[in-house]
Amino acid sequence: MVNRRNFVVVTLATAMGVVAFGQGCKSQSNELVVGAYLSLSGADSTFGTDTRDGIELAMDDLKAKGGIKGKAVKVLYEDDKSTTQEATNKVQQLIDRDHAIAILGEVASSRSMAGGLVCNKKKVPMVTPSSTAVEVTKDREYVFRTCFTDAQQGDVAARFVVETLKKKTAALFFVAQDTYSSGLASTFKASFEKQGGKIVIDKGYQKGETNFTTYLQEIKGAQPDIIFAPVYYNDMVLIARQAKGTGIPGSIFVGGDGWDSADLIEGAGDLLEGAYFTNHYAPDVPWPNSQKFVTAFKAKYHHDPSSLAAQGYDAASLLFDAIGRATEPTPEAVKVALAATSGFAGATGSLTIDKEHNANKPIVVVQVRSKKFAYASQLLAN
Ligand code: PHE
């Protein structure tokens with residue numbers, strides 16, 4: 001007779017057998033698992049869904065090529081709901097439960113910091129398509145990005161304001177505790193002052209604030225030539241609407257890549273007519289591989305790709321290329337192959353991963369024109 005204790009032992013042994021068998025199957029499997037953690041819902045949901053669209057287009061290309069060395073690739077998506085806590089949890093799951101050999105994500109730098117910490121600890125390479133804060137890849141052997149950094153973006157924005165717009169004074173308006181927003185505000189400030197510009201007022205607000213009128217009145221009182229607002233699109237819609245009420249023209253705002261969303265156009269496109277922001281890409285950018293990507297994207301989704309979609313496409317395509325170049329499909333070998341990436345022809349330009357794991361790319365200046373994002377110019381970081 002099986003008593004209770006023996007029963008438990010037998011059940012455990014059976015369960016362990018199943019687990020061992022399951023893992024055995026996995027290693028022999030013909031499928032390579034890549035994890036993607038993104039803000040598919042919550043405050044920054046268009047960042048996540050646009051990036052996923054780009055990754056899926058890269059998957060179509062890969063399928064048409066027959067996978068990687070005969071193996072199919074499966075991308076498992078996890079929604080972090082636009083929070084850092086969930087970013088940590090989801091990356092842990094993708095590595096421990098799903099045995100992902102590499103991770104794609106996130107968009108917001110604060111969440112890439114959280115997810116990147118897990119990847120680095122577990123020695124699984126991560127590629128962020130669009131997190132620009134300098135700290136994201138710093139001292140993290142397993143974290144890579146396929147975009148420029150905010151040290152470069154802030155400098156380019158300041159140079160554009162001084163050299164092209166010929167403006168001499170600026171206000172800073174940003175989210176005080178956010179890695180991306182405050183980091184970009186400070187690199188802009190350093191470069192702007194270096195070029196003889198003057199910051200006449202500097203306002204950091206708390207994440208989650210929705211009433212900006214007091215700040216905007218103070219900013220108006222300081223009479224800046226431009227207002228540098230490196231914030232995400234959802235906040236920028238509210239700021240543009242309240243600026244109008246305060247009597248500040250929308251055209252004097254200058255932003256960073258965080259403005260990129262169809263929701264910005266939808267919510268405040270008319271109010272921001274004439275405003276500029278720095279970005280990774282624009283649908284009408286004159287780059288060789290870009291038009292091919294735009295055509296393929298439109299055929300699949302029936303609208304213009306955002307910069308997030310283009311970056312998602314490039315990050316996934318580059319990762320698949322690196323898995324193909326790796327000596328074996330393991331996290332360690334993929335990390336080595338990623339670090340060796342040189343001259344990869346992406347839709348957003350030629351990608352070379354430098355020794356800090358960043359990509360040096362031209363920075364595009366986009367203007368809000370007739371409720372569209374229009375390419376204005378491109379600058380190389382110094
Ligand atoms: N660069 C932003 C960050 O690091 C994210 C972002 C990229 C947002 C591109 C929009 C477009 O947080």
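In helix α8, the residues Tyr233, Asp235, Met236, Val237, Ile239, Ala240, Gln242, Ala243 and Thr246 are buried, where buried stands for under 20% relative accessible area, exposed for over 50%, and partly exposed for what lies in between (1.4 Å probe, protein chains only). The model is a predicted one, in which local features need pLDDT of at least 70, side-chain atom pairs count only at pLDDT 80 or more, and totals for chains, interfaces and linings use all residues. Residues are numbered from 1 along each chain as its sequence is written, and side-chain values use heavy atoms, with hydrogens and water left out. Helices (H or I, at least four residues) and strands (E, at least two) are DSSP runs, numbered from the N terminus.

Helix α8 covers residues 233-246. The buried residues of α8 pack against α2 (45-64), β6 (169-175), β7 (198-205), α7 (213-221), β9 (253-255) and α9 (262-268), with contact taken as heavy atoms within 4.5 Å. After α8 comes Gly247, which has a positive phi near 90°.

One of these partners, α2, has 20 residues. From its first C-alpha to its last, α2 reaches 29 Å, close to the 28 Å expected. Its buried residues include Phe47, Ile55, Leu57, Met59 and Leu62, along with Asp50 and Asp53. Just after α2, Gly66 takes a positive phi of about 85°.

Helix α3 (residues 84-96) has 13 residues and reaches 18 Å, close to the 18 Å expected. Here Ala87, Lys90, Val91, Leu94 and Ile95 are buried. They cover an arc of only 130° around the axis, so they fall on the same side of α3; the arc is that of the directions from the helix axis to the C-beta atoms. Their cover includes β1 (31-38), β2 (72-79), β3 (102-104) and α4 (109-122).

Helix α4 holds Ser110, which is buried with a relative accessible area of 17%. Leaving out residues up to four places away in sequence, Ser110 touches Thr84, Asp178 and Thr179. Gln152, in helix α5 (residues 150-164), is also buried, at 15%. Beyond its neighbours within four places in sequence, Gln152 is in contact with Ala359, Asn360, Ile363 and Ala381.

Lys298, in helix α10 (residues 290-301), is partly exposed, with a relative accessible area of 39%. Lys298 touches His303 and Asp304, not counting residues up to four places away in sequence. A polar contact of 3.2 Å joins the side chains of Lys298 and Asp304; such a contact is a pair of N or O atoms within 3.5 Å, where, within protein, one must be able to donate a hydrogen and the other to accept it, and residues adjacent in sequence count only if both atoms are side-chain atoms.

On the scale of the whole protein, there is a division into domain 1 (7-148 + 286-361) and domain 2 (150-279), with bounds from an automatic or database domain assignment. The contact takes 20 residues from domain 1 and 16 residues from domain 2. Taken over C-alpha atoms, the domain centres are 31 Å apart. About 1400 Å² is buried between the domains, with carbon and sulfur atoms giving 49%; this buried area is the accessible area (1.4 Å probe) that two parts lose on being put together, summed over both.

Notes. Expected span 1.5 Å × (residues − 1).
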